[in-house]
Structures are given as structure tokens and as C-alpha cells.
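Keep the sequence and the 3D view open as you read.

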There are 2 protein chains.
Amino acid sequence: MSRLKIVVVGGGFGGLNAVASLRKCNVDITLIDRRNFHLFQPLLYQVATGGLSPANIASPLRSILSRQKNALVLLGEVTGFDIPNKQILIQETRVPFDILIVAAGSQTSYLGHPEWEKLAPGLKSIEDATEIRRRVLTAFETAEKLGDNNKYPSLMTFVIVGGGPTGVELAGAISELAHTTLRNDFRNINPEHTRIILVEGHEYLLPNMPVKLSENAKASLQKMKVEVLNKHRVQEIHSDHVLLENSLTHEKHRIDTNNIIWAAGVHGAPIGEKLAKDLGITLDRGGRIPVQNDCTIAGHPDIFVIGDLAAMTNEVGKPLPGVAQVAMQQGHYVAQKIRAKVDQKSFDPPFHYFDKGNMATIGRAKAVVDMHWIQFSGWFAWVAWLFVHITYLIQFQNRILVMSQWAWNYFTRNRSARLITGDAAQHPQLIAQLSEKTDPLADSQAKNQ
Amino acid sequence: MSRLKIVVVGGGFGGLNAVASLRKCNVDITLIDRRNFHLFQPLLYQVATGGLSPANIASPLRSILSRQKNALVLLGEVTGFDIPNKQILIQETRVPFDILIVAAGSQTSYLGHPEWEKLAPGLKSIEDATEIRRRVLTAFETAEKLGDNNKYPSLMTFVIVGGGPTGVELAGAISELAHTTLRNDFRNINPEHTRIILVEGHEYLLPNMPVKLSENAKASLQKMKVEVLNKHRVQEIHSDHVLLENSLTHEKHRIDTNNIIWAAGVHGAPIGEKLAKDLGITLDRGGRIPVQNDCTIAGHPDIFVIGDLAAMTNEVGKPLPGVAQVAMQQGHYVAQKIRAKVDQKSFDPPFHYFDKGNMATIGRAKAVVDMHWIQFSGWFAWVAWLFVHITYLIQFQNRILVMSQWAWNYFTRNRSARLITGDAAQHPQLIAQLSEKTDPLADSQAKNQ
């Protein structure tokens, strides 16, 4: 019998764990990814705020799998499926499979408002992170150039939509950036006047966490001068303002801002749509593919969907969250099933998600940790958060680099990866908007004389 | 008397040294740069080959000048000069000056062939470096996807045009990447079959170095499987080949390649043209502004030009090279002149360039060093090269990060910043070119069975 051909789509937490768990298995694995690296998404907010470099949280897939000789990595975007012939398509290239594992992840969802994407970038990729970094830093640069920041408060107002872990972490990091890192860096503006507003539709931040921790997180953010607006929904997004609505009173609330970041939701990767169409199944509301309790699609025992793209419920019917833990455990589970098949053994237990808990960091030396049997927050929670994140980083070198930069940033309150890169050095929304003649020197030089 | 207004255009080695040398001077300085960071260009080739991250060799200008209260940093592109009114223009913004220091640097020059820019990127900016990194890595990825590399030798052929320090360093680093770092990473291709060709018009590589060191460098590169073509000039560049001409025999020589990197020359920054036009002076052949021996433009004692944009000769009429040392010393010299003026003292010595020597690295533990009174090469030269480069890096954190990554790369032969980023994950020149159907798995899986 020839070796089973396993094709894995996506080198995130789910796909990579599936491949690695098949290391010693007598199969041929092809891992397909659009990118040549595994991205450690939980630390993406640090790239977006200049604390870490992209390469610190990204590891080349080839490098990770260099010694795993049964794994072939292909860089490419899956463009379709040929299910009857058991092949997947990367443009003209056809890759045959016996077993398919789809772990394509999720992308930012604008809740039916695709036009908001350009105005309010999300945070899912390296490019997203460097774009947010560019916008945040350029806002301060533009304010400095235009002079007195009282004239342009919208430039120094940051609105973050979504109070989950990403929103909370971004709000905390931007507050640190503005109130400590950049404190002495400007002459015409005072970065301490920066407004940071975190908008969440739910009654509490971090809705998946116990209320006590949500309240702790909110109090910590407020101490860091972040304004937290719970029970508010975004109605409109424009280049110079957002319109919010209080979900109880339906009062409207306009905030003038040039800086809007979207952290309010995700949606299954678009490849899920293609697969669902080919198989004649219906995606769930979040664009995810419904799977059975063994991670397969009903009627397709050779097609597994894992991670953010899979819609699965636990034993009591509650949907599993779109977090790295679920994806990793599913990857490992699917590999077990495949190993059993190769060994012609039976392995029939359903997938069981072991929820180790949740954590979110708020800022320098502040975090909240929920391990179910114990909840805690503050400095010790931050150390636990740091320990877990560094442990799960894929490569040893990255662990060293992240730790050393973190130690440096912790003690100096500096963030040295504050680069504005990309083609446009200007704030994209401002070029048209602001064209008055100004003398940026008037203020600072008056002070110096 | 009100404080003198000093405007410095460009935060490279020249401009930043001028600003820093005026730290304790009773003047108002405005430093204008298109980018928000100082870039340590000598290590850019490491970013282009995945050894270092952009932020490791870039320091935010604001961070560097944070404590220098007499300096204001403005992010923007100088769009013109109003010399009669002593103002410079950043779009609509006018910045008045009493003394102007233009240190805008240089850009890649294609020697009258601007159409080559898209086909053969140069290496002057962070974006250039990540673009070269993307192209180099994507070439290997595409070859792996298409299968047997014998079918597509042009994908794995790299032609570097220009045998100065940048070309030599790039050739060495790409050789290391292909022959050691990536050695085990592919299944369908063998990266050791990579061809790296370094083309230099001159009889020797590193034309500014003593012949003995040039010969050493060439021998070292050849040991690393780099083919060195001296006395060859580029006649044509196409997306799939270059046409070279032997400058002695005029024989033509075609090389099939999808990967061409341009390291063959620089030209003064375009802002130099505007300034020359406004002042009615003529640029030299390299697009540089002729300056007097005190770094001023003749007839304009308040306008200094320093660094790569200045055309200056030494005491015996030899043009000063476009290197960091010259720019730094000129920056310091101009600051001395300004300090003397503020103190109403006289300071009339002409600028004297103290040439400490030249060095270039070839690869892992190999370099050549010319200190005029002594020349050496090999491991000790590499340590000297490393020491000098780490010393001149601007920020302490960057020194630590670069050193630790270098140590890591040295011992593991890894290069972890091998990220393909940017919009196009595909090799730009290949999409149209290669559209055959292939089965990338055939080869590797035949081997495994």
C-alpha cells in the first residue's frame, strides 16, 4: 500500500500542530500556506505598537519543519477544490490528497460593512500590524508638524472598536506608547493629551472572562487614561469621526478621530466558502464550516476542518471559541486519528477540548488570568501571561529576542521598533483634509526664547 | 539677538551628527526627514538576506533626540526651497532658516536606464531590503512549487550587479543563505544548486581597496561558490535574463535569471537638483552638489551640503567617497563652524577628511580590512568589522539585539528573519511566465516511497 497523502491547508496553530504530531507517521504531508511563516498572533499587538519586530513573532515554516522529512511545504494560495478527484488547486497546480485538513483560520469581519476596512484596519497579519503602527505613529508626526495639538484633537484621538483581548491589549499598549514612551519626543504637542477610547458592545470588556476580571481590566485601563465605553455600538465610520450608539438608550455619540482600529470580530477565511459550496453545505453565521465531534465534515470522513474555520460545539452544546488552544488540540487530535488509521487501529473518541483558561495583558506589568479554578490579576498575572506566551513561541531564538526586548522595554519604557514603513509616509486620511499653511516652529521656538 | 534657526535636511549619518554636535549650542534646530528613523545602511544587506530585522538597524529619530531640547524633528519630504526668503518648503508648510544644512544623501542610480529599476531592485532603504528579501525567498519557493530545479535554473540563479562593498556583502550573504541556511529546507529542489554571479565592470572587486584585499575577497567568494565576473558590464536587463558584455573583448554573455539585484551605483538625492536649479549651479555627473572646502556652496555661506549629496575634493584634488565616515566628519565640522559663529569666534580651517580605512565583510567569519598602515583579512578582520559596526549602531538596545542575533546566526547558521511580506506572495516576474501544469509532489514522494 502506498503512503497516505495528507494535505494541510494553513500553517497556523492548528495546521502546524497537526503536521508536527505526524512527524513519526508513515505518511506524505504537504503543508500549504499563503505565507512562508507561522505567525504567533497573540503578540501581534506588540508589533502594531512598536514593541517587537515582525520577525520576532514569525517563524519560517520551512525552518520549523526542516528536519521533518515527511513534510513538504508549499507557498501558495489555495484557489479551489476538486473533491471528486481528491485534489486541491493552487492556481494551475493540483495537489492530490487522501486526507485533507483545512486549517485556514479567520480574517477580520466588518459585520456587513466592508467599506470600513480601509478606514479602520484590523489586526490579523504582519501587514495589518505594520499598517496600524504606521498610522498610530504618523498621527503623532502629523500633529507635531501642524503645531498645537489643540487645533487637531482628532489626530491624537484613537478609537479602538472591540473590547476582547486584542482591543484591550491594543488600548493598553497605545496608552503606554503615548503616555510614557513618546512623552519627551515632541516639541509642539504633548502626547499626554492623547485620548484613547475603547468601545465594546457588551456590558463588560473581555466578555469571555469572569466579571470580576473584566472589572479589573477596565479599572486598570482607566488608570492608564483609556476611556472605556461599554454598551456602545459603532453606527458609522468616517475618515474623521465615528458615530456610536448607546445600545440601551439609543443615544448617538460622535467622536472626532483620524485613528480607528477594528478589533471587533472575525469571520472564517474565504476558502471556507469555496469548500462549503463544493460540498453543498452551509456556513454558520461566522463564516465557519460546521464539523462533527471528530472534526470531520458530515459525509466526508477524509476532510477535517480545525481551528478558527471550524464551527464545533462542546459536550454541552456550547460553541468552542476561536483561540489558539482549540486549534492546537484539534490539530493534535486529527493527527492521532490519522496515526490510528495508518496503524490500522481504531481511535474513536470524540474531540474533547481541555480549556486551560484565558488570559489577557493590559499593559506594563498588568494582566488578568482566568484558570477556572483560580482567577488573578496584576503583576503576578502579567508574569504568568509572559511565561505562557514565551513558552508557546515557536523558535528558541525568538524566545530569547522577545524576552530581551521585553526586559528592555520594561525597564526603559522604550519601544524601539517604532518604524513608519511602506510607501506613504503621510497619514492617508489627512492629505486631502488638512491643507492650511502653518508654521510648526512658532510654538516650540517661542518656548525656547 | 534671537537664536539662530538651523534647518537640517536628512537624518542620516551626516545630518544626525551635525544635530548631535550642536546639542549644547544656543540655537534652534529643525531636523527634517522623510522617514521617522535613522537607518544604519551598512547592515541593510543583512535585512535583505533575513539575518536581521529592519528595526534592528533603524532607530527612531525622535528617540535619539528625545533629550536634545533644542532639536525639533519634522517628518516630511522637502518639496522646494525659497532661498531669497530663507525658507524651505514641505508641501504647504514653510520652515524658516538662518543656516541650512542639506544632508539628503543618495539614491540608487541605474546609469541612464530607469527602466531597470523594477527588474533589478537596489539596496538603499528598508523597503528595498524587504523587497530583495521577498524576491530571493520567493524564487526558492517558486522553484520548490514547480518541482525539479533543473527545469527552472533561472529561478535559482542570482545576478548581483556591482562589486563594491554592497555587492560583495550581498553575494556572500546569499551564498550562505542558499548553501547553509536553506540546505535542509526543501524537498523538490536542492538549494546547493543555486548559482550566484557577481558582476563588476572594474578589473577588481572592491575597487577602493588595495589589490591584495580585492584578490582575497574574490578568492573567499569563489570558495563560497560565488562566480565572480570582473570586467563585465551590463548591457540589457530583462525579466528572465541579463546580457553582459566583456569590456575587453566586447563578447556578449547571456545569463538566464529571474533574480537581479542592482548594487552598481548611486546618485545624489533628487532634492539636490531642485536646490541646484534654484541657486543656478550645476550638479556633477553623480548628481551631487559641488561644495567648497568649508562644505558651503560658493556664494552661499549659510548653505552647507554634506554627505553623499556633496561633491568635495580632498587636499590633493581627489573626490571624497560617499561613505558614512565622510558624512559624519562633515556633520561634526559644520556644527563646529556654527558653534563658532554663535560664540562670535572665528573658525576658518577647511574641512579635512581623516580616512580611518575601509572594510567589507564577505560572509560568516570572513572580511577584509584596510586601515592604510595595515591590511588584513579572514576571521580577525571579520571580528574587527563586527566590532566597528556594532559600535557605530546608534542605540544600545540595537547593539544588544544585533549582537545576540549575530551570535545565534553564527553558531546555528540560521537566519530567522526570513519573512516574505508585502502584498504579493508570488514572484512578480513569474506569474505570467510560468503557467504550465505541474505536480510538485511527484519527485519528493517518489523518493519517500
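## How the two chains are related

In this predicted model, chain A is superposed on chain B by a rotation of 180° with 0.0 Å of shift along its axis, at an RMSD of 0.0 Å. That is the relation of a two-fold axis. The same surface serves both copies, as 100% of the contact residues of chain A recur in chain B. The superposition is by least squares on the C-alpha atoms of residues with pLDDT of at least 70 in both copies, and two residues are in contact if their C-beta atoms, placed from the backbone, lie within 7 Å.

A note on conventions: residues are numbered from 1 along each chain as its sequence is written, and chains are lettered from A in the order in which they are written. As the model is predicted, local features need pLDDT of at least 70 and side-chain atom pairs count only at pLDDT 80 or more, while totals for chains, interfaces and linings use all residues.

## Where the chains touch

Across the interface, 61 residues of chain A are in contact with 62 residues of chain B. Several elements of chain A each supply at least two residues to this side, among them strand 2 (27–33), strand 5 (71–75), helix 4 (126–146), helix 10 (396–412) and helix 11 (441–448). Helices (H or I, at least four residues) and strands (E, at least two) are DSSP runs, numbered from the N terminus.

By class, the side of chain A that touches chain B has 20 nonpolar, 24 polar and 17 charged residues. Here Ala, Val, Leu, Ile, Met, Phe, Trp, Tyr, Cys and Pro count as nonpolar, Asp, Glu, Lys and Arg as charged, and the others, Gly among them, as polar.

## Helix 10 against helix 10

Helix 10 of chain A and helix 10 of chain B pack at an angle of about 165°, with their axes 11 Å apart. That makes helix 10 of chain A roughly antiparallel (over 145 degrees) to helix 10 of chain B. Axes are lines fitted to C-alpha atoms, for helices over the stretch in contact, and angles run from 0 to 180 degrees between N-to-C directions.

On the chain A helix, Q397(A), I400(A), L401(A), S404(A) and W408(A) meet Q397(B), I400(B), L401(B), S404(B) and W408(B) on the chain B helix.

## Helix 1 and helix 8 within chain A

Inside chain A, the axes of helix 1 (residues 13–21) and helix 8 (residues 324–342) come within 7 Å and cross at roughly 30°. That makes helix 1 of chain A roughly parallel (under 35 degrees) to helix 8 of chain A.

Helix 1 of chain A brings residues including F13(A), N17(A) and S21(A) to this contact, and helix 8 of chain A brings residues including M328(A), H332(A) and A335(A). The contact residues comprise seven nonpolar, seven polar and no charged.

## Domains of chain A

The domain assignment of chain A gives domain 1 (4–34 + 76–108 + 267–342) and domain 2 (114–264 + 357–412). Such bounds come from an automatic or database domain assignment. The centres of the two domains of chain A, taken over C-alpha atoms, are separated by 32 Å.

How values were computed
Parallel < 35°, antiparallel > 145°, perpendicular 65-115°, else oblique.
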